[in-house]
Amino acid sequence: MTLAEVFERVAGPDAPVEFRAYDGSSAGPAGAPVRITVKSPVAVRYLAQSPGALGLARAYVSGHLDLDGDMYTALTRMSHAQQTQLGAAEQVRLLGQLGGPKLLYPRIPPPPQEVRVNRRWLGGRRHSKGRDASAISHHYDVSNTFYEWVLGPSMTYTCACYPHPDATLEEAQANKHDLVARKLGLQPGMRLLDVGCGWSGMVRHAAREYGVKALGVTLSAQQAAWGRHLDYRDVSETGFDAVSSIGLTEHIGKAQLPAYFAFLYGKLKPGGRLLNHCITRPNDTDPARQAMGFINRYVFPDGELEGPGYLMSAMNDAGFEIRHEENLREHYAMTLAGWCANLDAHWPEAVAEVGEGTARVWRLYMAGSRLGFDRNMVALHQLLGVRLGADSRSGMPLRPDWDRSPAPVAG
């Protein structure tokens, strides 16, 4: 059996993708917008030894499989193949026709971009301070120059909020920061704590536009060049008027969430607000972490996603009164489309800066994530809570006022 025949068996004979393989076989329409090229037997062995997304990622990241064309379009067109579930007997038959046990042994080491827990550097107890620092470093300490090319001038690596469909990525990121500021009710002279501050976009916006005194902390050494290098658990200051947590909860871990929200509750003054902005999953029935998944192995080691209901309960149990919830799922798909376009526009420079393997990880990760948000496999929720003051006073407006005109520039 040729590789093209295997491709047609898995993807279907009418898959709108051109397929080429080192054995000379081909399938699909010539000149299709998407072309998959299996360049060597190593790619086949990766797929045989780790069937599914992880094997495909290993073959692509290592360069033994190429994908020409727009990655998002490719993943969309191949979604049928990704969903195909071959029976055990069919898998054994295909393996036998392609080479049998020779494909399975010896095992091929994963590409160097893959994190191997306890066999590389990511050891220790999950979500301990040391291991969290290593996990954060793996993803965020790539290269500030690389991130500037991907994220754009705002250096904001979280979901934007598009005020209208034609807004630019920069306009949408500024609008997101302002939305958070308005939900928190920021006023001149207030003190803001931004945990997981990234490259300090929220801190700078809040200080510049609202006249607040802001402290931003991050575990990433690269990001610390823009903020303050500190584990959120080591923040000693208290009495903040507001706390923003934008894109950090995904790294905390389910078991640590009650303590996390309790910690943030303790940092606030009575009447202070918390805005928690994070990626969520559509239910709490599936595992929070896919240990053998591409995201866990290549992008966010130890990352865990929870459903919005669980997060809301954890905040509520920590003492917060929940005042507002909002899903920005479509906005994150649009944000990722902008990042994908930025990476494609800077592809030669990105490869020169971080290496082709790492650049391929990011190309696959961002396009796959965009597809996930489009199809409600993941979402983005903002939850607003308040630490009640004396006599259970919230200090909140009777109706949400953050969708009105932004507050005037301070001073």
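A cavity is a set of points, on a 1 Å grid over the protein atoms alone, where a 1.4 Å probe fits but cannot get out; its lining residues have an atom within 4 Å of a point. This is a predicted model, where local features need pLDDT of at least 70, side-chain atom pairs count only at pLDDT 80 or more, and totals for linings use all residues. Residues are numbered from 1 along each chain, and side-chain values use heavy atoms, without hydrogens and water.

**View 1. The largest cavity.** Its volume is about 70 Å³ (the space filled by probe spheres set on the points, which are joined across faces, edges and corners). The lining includes Asp70, Tyr72, Cys340, Trp362 and Arg363. Helices (DSSP runs of H or I, at least four residues, numbered from the N terminus) also take part: α4 (71-77), α15 (329-345) and α17 (356-374) each supply at least two lining residues. The largest share, four residues, comes from α17.

**View 2. The second largest cavity.** This cavity holds about 50 Å³ of space. Among its lining residues are Thr249, Lys254, Cys278, Glu304 and Leu311.

**View 3. Helix α8 against α15.** α8 (residues 144-151) packs on α15 at about 120°, with the axes 7 Å apart. Axes are lines fitted to C-alpha atoms over the stretch in contact, and angles run from 0 to 180 degrees between N-to-C directions. Phe146, Trp149, Val150 and Leu151 of α8 meet Trp339, Asn342 and Leu343 of α15, where contact means heavy atoms within 4.5 Å.

Definitions and conventions:
On a 1 Å grid over the protein atoms alone, a cavity is a set of points where a 1.4 Å probe fits but cannot get out, and a pocket is an open set with protein on both sides within 12 Å along at least five of seven lines; lining residues have an atom within 4 Å of a point.
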